[in-house]
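Keep the viewer open as you read.

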Amino acid sequence: MTAIELLLLALGLSMDSFAASVSGGVAMQRFSMVRALKIALTLAAFQAAMPVIGWIAGEHFKSLIESLDHWIAFALLGFLGGKMIWESLREGHAPKDTCPCPKAPEEDTAHPWSTRTTLCIALATSIDALAVGISFAFLNIRIVLATVIIFAVTLASSLSGIGMGLRFGLRLNRWAGLCGGIILVGIGVKILVEHLLSHGG
């Protein structure tokens, strides 16, 4: 996988974080760089850590199913991308800023995202990246490079989402999920097609 493909993959993964950041920006009455960095860095850290965990797990059983690695990568990326597309198109799709964890008291009135809520949202928006990390093991991706790219792209996307949320509101969430899903499905298809063409299936 080339650096450009890794960038596109990271962009697709970062769309959930972008959507959550939009809602974070909406919740801000005025822009706070400290709070924006807190949200963006937390989301980026979780998004970068999950593929590493998945990669470690994948490395342990990669040799057992190496002949099916391209199909597994295609299935994982296709499923995650399709899920994002479905959720973005579904009527009444709720933005991914909800959190199953108990809410902590608000830290101030300027922004309702407490530290606990931010951590919970970061976990919720990065779970999909765990499966992508498993596919990294099968594709022999350089995990350090991939982690740095995913972190940087998610950080930039999250900061952009906060800024756009302040300006435009929640309308961007739906399009973020749609674009991210299309990117992940496209990369999955490309991996499968390239492998089939080079190995004859």
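The UniProt record, an unreviewed entry, places the feature "transmembrane region" at residues 6–27, 39–58, 70–86, 119–138, 144–163 and 175–193. UniProt positions are given here in the numbering of this chain, with feature names shortened, and such annotations may be inferred rather than shown by experiment. Before going further, note that this is a predicted model, in which local features need pLDDT of at least 70 and side-chain atom pairs count only at pLDDT 80 or more, while totals for chains, interfaces and linings use all residues. Residues are numbered from 1 along each chain as its sequence is written, and side-chain values use heavy atoms, leaving out hydrogens and water.

How do two of those annotated spans look in the model? Residues 39–58 are 100% helix and 0% strand, with end C-alpha atoms 29 Å apart. For residues 144–163, the span is again 100% helix and 0% strand, and its end C-alpha atoms lie 29 Å apart. The chain as a whole has six helices and zero strands, so its elements read α-α-α-α-α-α from the N terminus on; helices (H or I, at least four residues) and strands (E, at least two) are DSSP runs, numbered from the N terminus.

Now to the interior. Of the 201 residues, 44% count as buried, where buried means under 20% relative accessible area, exposed over 50%, and partly exposed in between (1.4 Å probe, protein chains only). The largest nonpolar core has 18 residues, and L6, V132, F136 and I150 have the most contacts inside it. Such a core is a set of buried Ala, Val, Leu, Ile, Met, Phe, Trp, Tyr and Cys residues joined through side-chain atoms within 4.5 Å. Two or more residues come from each of α1 (3–27), α2 (33–61), α3 (69–89), α4 (115–139) and α5, with α5 giving the most, five residues. Apart from this core lies another, of eight residues, among them A36, I39, L43 and I162.

Leaving out residues up to four places away in sequence, L6 touches M1, F136, I141, L145, A146 and I149; contact means heavy atoms within 4.5 Å. Among contacts between residues at least 6 apart in sequence, 88% join residues at least 24 apart.

Is T154 buried or exposed? This residue of helix α5 (residues 143–168) has a relative accessible area of 0%, which means that T154 is buried. Beyond four places in sequence, T154 touches S14, S17, L43, A44 and Q47.

At 34% relative accessible area, L37 counts as partly exposed. L37 and S158 are 121 residues apart in sequence, yet their C-alpha atoms are 8.9 Å apart in space. Aside from neighbours within four places, L37 is in contact with T42 and L159.

L37 also belongs to a nonpolar surface patch with F31, M33, L41, L159 and L166, which together have about 480 Å² of accessible area. Patches are made of residues with over 30% relative accessible area and no salt bridge, joining like charges within 9 Å and nonpolar side chains (Val, Leu, Ile, Met, Phe, Trp, Tyr) within 5 Å; a salt bridge is a side-chain nitrogen of Lys or Arg within 4 Å of a carboxyl oxygen of Asp or Glu. Both α2 and α5 give two or more residues to the patch, and α2 supplies the largest share, three residues.

How values were computed
Areas by Shrake-Rupley, 256 points an atom, 1.4 Å probe, with all protein chains shown as cover.
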